[in-house]
Amino acid sequence: MADTGTLNTTAAGIDAVKPKLGAGPSGPRPKPMLSGRNIMLYGTLTIAALYYLLPLYVMVVTSLKGMPEIRMGNIFSPPMEITFEPWVKAWAEACTGLNCDGLSRGFWNSVRITVPSVVISIAIASVNGYALANWRFKGSELFFSILIIGAFIPYQVMIYPIVIVLREIGLYGSLTGLVIVHSIFGMPILTLLFRNYFVSLPQELFKAARVDGAGFWQIFLRIMVPMSLPIFVVAMILQVTGIWNDFLFGVVFTRPDTYPMTVQLNNIVNSVQGVKEYNVNMAATILTGLVPLIVYFVSGRLFVRGIAAGAVKG
Amino acid sequence: MNTSVSIKDLSLNFGAVSVLKDLNLDINDGEFLVLLGSSGCGKSTLLNCIAGLLDASEGQIYIKGKNVTWEEPKDRGIGMVFQSYALYPQMTVEKNLSFGLKVAKIPQAEIDKRVARASEILQIQPLLKRKPAELSGGQRQRVAIGRALVRDVDVFLFDEPLSNLDAKLRSELRVEIKRLHQSLKNTMIYVTHDQIEALTLADRIAIMKSGIIQQLADPTTIYNKPRNLFVAGFIGSPSMNFLHGELTNAGGKTAFVSNGVTFSLDGYQTEQVLQPGRKVVLGVRPEHIKVNENIGAEVHEATVDIEEPMGADNLLWLKHAGHTMSVRIAGSRRFAPGTPVKLGFDMSLASLFDAASEDRI
């Protein structure tokens, strides 16, 4: 490789210089492939990529092996005999407590928690952000500051009071209660996100809509929302991954039959009875992480665009 | 003549900062009024107050004899055009034009009629199905004007509509706005910092500085008889020549003396008594100084320092008794640097200001 690289540069050098010797350098400067800069750059990137990809590789490989093969101890070697049994077991048969229907129960619980929480929190926070950005009212800055402080209070401080509140209104242990908790805790950071985005949109657009006679909701729904797809995607990704991966609220605010997937995964992996089935554990972990992973892959580009839009124009 | 927009004792404060102070302004029906000033003088703030996008701290605003001080923008009978066009990016040109009418629940047939009329006036029919991103700057601003046009309003408000365009398009659209005003005969209030736009478009210009109107008059008066030093220096490019000196008595007549050079004030019209010894500033526009030809009785000596040929005009920077002076002459007349020249001043077109109060004498 080094030889080819040097050859190429030399060849290019001869071509570029010979006919223009009198005129001096002209056109683009030749860029050697194997410069110190490139080696540093690609070397670092390769190491970083390996660092993140290796555990995933081990997990996938292990989940496709049978237990006898795992006991042989070569965790990096590919499976000699591919089996999907651990996946089936993790999804439909693994036992947690009294239930032996695998992660499927937790999956559907998580879906029933995540979908309404994401929709409700984004709907409320976007209106909040829009009102704080465009309809400044007396005390709106103070209100915003209080909301932002909310983002810095550690969750642990709030857990016990919230347990009492939910118990008093009769929602403790239900999925509805957890949805409410997730929606409230998403509010500070999402409101900040939406407010900063709406502030970055041209104020004259808002003025023009007011002159055109549009009211609070008409401006929001017909002018602002159609311009804000990137920031809605960012908010959705933040919320889906945050709520799906949540463990603390899930374990505190639900009962065993309404446990979200993360809590159930923990119970499967940490069960102390019987043999440790590493392949089932790996399969269960991948299954649990699949939803955020898919969300990232599908909307990654929009995510970057939204983050950039919020940051640069502000 | 009927009053279209009337502003009475308007004040506006942002916290402790006072942007407009006790402002009074009456705008006639069908008048083209330009609010002119440098940035931060409160001209855009005043326009936003008229539009209802900012609440006044004190005072009242009347449009067509109706007190609209507390009315929403849509109920004031105004249409507004913004500097950044402010077109709704996700809507086609047609939807942009009809959005306000749809919000007002006007029947579709009427909407179509008005959109057709506006797009014909502004010649944007071929663009109706396009989105703002697919238009050039000039086309976008036409659409923005169209959006005000379809609203069928009494008063048009323009907030620096041409500032985002390049020089050539700016002069083209300037002519079109003037033509539009001549055919529609609506009241138009136009905010700009560009004095050429102000002088060419306006029936009357209101020159503003720190929230106060310095002079409200037609362009000719503003140009030839500026009320104070600020107006005199703001209008005109290159700026008026200012000579600091005092009044004196020369041969039984009042004259002006600066750096030991005496200027006769024959032909200068004022109702004030010109008291010898008063400290004053003499202002003469570059084109009101004669070079070598038609000088008149009084002759001043000067030398050419720098010559700036601009095609139609030729701008000379002269040294005259310690002053640097700019003189505008015809582009065909050329002078090499260092050439001695003879100057003549036309005092009937000059301005005298009191050095202390800076007001016109």
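In what order do the five strands of the open sheet in chain B stand? The order is S13-S12-S11-S14-S20, with antiparallel pairing. The model is predicted: local features need pLDDT of at least 70, side-chain atom pairs count only at pLDDT 80 or more, and totals for chains, interfaces and linings use all residues. Residues are numbered from 1 along each chain as its sequence is written, while chains are lettered from A and ligands numbered from 1 in the order in which they are written.

**View 1. The open sheet of chain B has five strands.** Strands here are DSSP runs (E, at least two residues), and helices are DSSP runs too (H or I, at least four residues), numbered from the N terminus. Two strands pair if DSSP finds at least two bridges between them. Strands of a sheet pair through backbone hydrogen bonds, either parallel or antiparallel. Strand S13 (261–264) and strand S20 (351–354) of chain B are the edge strands, and each pairs on one side only. From one strand to the next, the twist averages 40 degrees.

**View 2. Strand S14 of chain B meets S20(B).** S14 covers residues 279–284. Four bridges join S14(B) and S20(B) in the antiparallel sense. Look for B:Leu282, which stands opposite B:Leu352 in S20(B).

**View 3. Chain A touches chain B.** Here 14 residues of chain A are in contact with 17 residues of chain B (C-beta atoms, placed from the backbone, within 7 Å). Helix H9 (203–211) and helix H10 (216–224) of chain A each supply at least two residues of the chain A side. H9(A) gives the largest share, six residues. The chain A side divides into eight nonpolar, two polar and four charged residues. Ala, Val, Leu, Ile, Met, Phe, Trp, Tyr, Cys and Pro count as nonpolar; Asp, Glu, Lys and Arg as charged; the others, Gly among them, as polar.

**View 4. Helices H5 and H8 of chain A cross.** Two packed helices are described by the angle between their axes and the distance between the axes. H5(A) spans residues 104–134, and H8(A) spans 175–200. Their axes come within 6 Å and cross at roughly 35 degrees. Axes are lines fitted to C-alpha atoms, for helices over the stretch in contact, and angles run from 0 to 180 degrees between N-to-C directions. The contact of H5(A) with H8(A) holds 17 nonpolar, eleven polar and two charged residues.

**View 5. Chain A has 14 helices and zero strands.**

How values were computed. Contact = placed C-beta atoms within 7 Å.
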